[in-house]
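Biologist: I would like to learn how to read helix packing and a few local features. Can we take them one by one?

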Amino acid sequence: SEALQNHPKHFSDVYIALIKAAETSGLLDKILERLADNLERSEDLKKKIKSALFYPMIVVLGVVGVIVIMNVFVIPQLATLYESLEIELPLTTKIVLGISSLVRNFFPVFIVLGILAFLFFKRLQKTEKGIQTIDAFKLRIPVIGSILRLSILDEISRTLALLISSGSPILGSLKIIERVAGNYGYRKAIEATSILVEKGIPLSQALENQNIFPPIIIQMTKVGESTGRIDDSLGRVAQYFERDLDLKIKTLTTSIEPILIIFLGVTVGFLIFSVITPIYGLVSKF
């Protein structure tokens, strides 16, 4: 464990704490097996979330790219044609031409604003207030927020169960979880829980006082405290969150495709309708 501490970029706090507990308990082989299982589950969880979000991101970027190309290259040519014909344009066509003109005339401004927004966001991520705001916003995003919340709860429950089962004391385990929690709100909640546990308050009551953990964690922790098997109870909670997370990811991947197709169809259809309507009206006069 002391040798691993010299390489913090490659070995997490949880990894080192488990190895330290294994050295004192003499169960290094078993704990390494548990640690391997935990790392595999964490990696599978990350891959599931990334795969669920990858497809919609690609489609949205594709739609944005098509809209930008049409506004910069295609629609300006049609605008010149309409001006030469001197015809009355419908409202939808005027809206599209106005957006195209805005994009072409202020394209450098949009790029500069985008760069400034990116730099501001990166700087915001380095401040405590910025991290708090960004992490809170992530959890409020429809559907995606619930997936992120479940993944955080699954990671906290599973890692805490692994630490306790390996012989690490509850207080020390909470302090480790506090450093590896992937969200500001949950990190502060675990910090407050750790302080209450240090004062002698039971873990279940300390968790309940935070108003951020779902009832199932609190109830199962109470069961674990009464039976002396908190690690087993938290492990079962982690399995519950993992199953719920799988279901939500499957629902997202199943429902996102028709939603994106409708979005793409409406967007492209509006552009085509706006472009074709004046030409159709002109042809119908003859």
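Biologist: At what angle do H2 and helix H6 pack, and how far apart are their axes?

Modeller: A caution before the numbers: this is a predicted model. Now the general idea. Two packed helices are described by the angle between their axes and the distance between those axes. Here H2 and H6 (residues 144-165) pack at about 175°, and their axes are 11 Å apart. Angles over 145 degrees count as roughly antiparallel. H2 is therefore roughly antiparallel to H6.

Biologist: Which residues of H2 and H6 meet?

Modeller: From H2, the contact takes in Arg-34, Leu-35, Asn-38, Arg-41, Ser-42, Leu-45, Ile-49 and Leu-53. They meet Ile-144, Ile-147, Ser-151, Asp-154, Glu-155, Arg-158, Thr-159, Leu-162 and Ser-165 in H6. Sorted by class, the contact of H2 with H6 has seven nonpolar, five polar and five charged residues.

Biologist: Now H3. At what angle do the axes of H2 and H3 cross?

Modeller: The axes of H2 (residues 28-85) and H3 (residues 91-105) cross at roughly 125°. They come within 9 Å. H2 and H3 are therefore oblique to each other. The crossing of H2 past H3 is left-handed.

Biologist: On to aromatics. How many aromatic pairs does the structure hold?

Modeller: A pair of aromatic rings is described by the distance of the centres and the angle of the planes. The structure holds three aromatic pairs. One of them joins Phe-11 and Tyr-15: the ring centres are 5.1 Å apart and the planes stand at 55°, so the pair is tilted.

Biologist: Is Phe-11 buried or partly exposed?

Modeller: Phe-11 has 23% relative accessibility, so this residue counts as partly exposed.

Biologist: And Ser-12: where is its place?

Modeller: Ser-12 sits in the segment before helix H1 (13-25). Its relative accessible area is 37%, so Ser-12 is partly exposed. Sequence and space can both be read for this residue. Ser-12 and Phe-263 are 251 residues apart in sequence. Their C-alpha atoms are 42 Å apart.

Biologist: What are the two separations for Ile-272 and Asp-246?

Modeller: Ile-272 and Asp-246 are 26 residues apart in sequence and 39 Å apart in space, C-alpha to C-alpha. Ile-272 lies in helix H11 (residues 230-285). With 47% relative accessibility, Ile-272 counts as partly exposed.

Biologist: Backbone next. What is the phi of Asn-211 near?

Modeller: Most residues other than glycine have a negative phi. For Asn-211, phi is near 60°, a positive value in a residue other than glycine. Asn-211 is in the loop between helix H9 (203-208) and helix H10 (215-227). Its relative accessible area is 72%, so Asn-211 is exposed.

Biologist: Last one. Which residues does Thr-221 touch?

Modeller: Thr-221 lies in helix H10. Leaving out residues up to four places away in sequence, Thr-221 touches Leu-203, Ser-204, Leu-207 and Leu-234. With 1% relative accessibility, Thr-221 counts as buried.

How values were computed:
Residues numbered from 1 in each chain as written. Predicted model: local features only at pLDDT ≥ 70, side-chain atom pairs only at ≥ 80, totals over all residues. Heavy atoms only, no water. Phe/Tyr/Trp six-rings, centres within 6.5 Å; stacked < 30°, edge-to-face > 60°. Buried < 20%, exposed > 50% of the residue type's maximum accessible area, 1.4 Å probe, protein only. Axes fitted to C-alpha atoms, helices over the stretch in contact; angles between N-to-C directions. Helix = DSSP H or I, 4+ residues; strand = E, 2+ residues; numbered from the N terminus. Parallel < 35°, antiparallel > 145°, perpendicular 65-115°, else oblique. Left-handed = near helix turned anticlockwise from the far one by under 90°. Contact = heavy atoms within 4.5 Å. Nonpolar A, V, L, I, M, F, W, Y, C, P; charged D, E, K, R; others polar.
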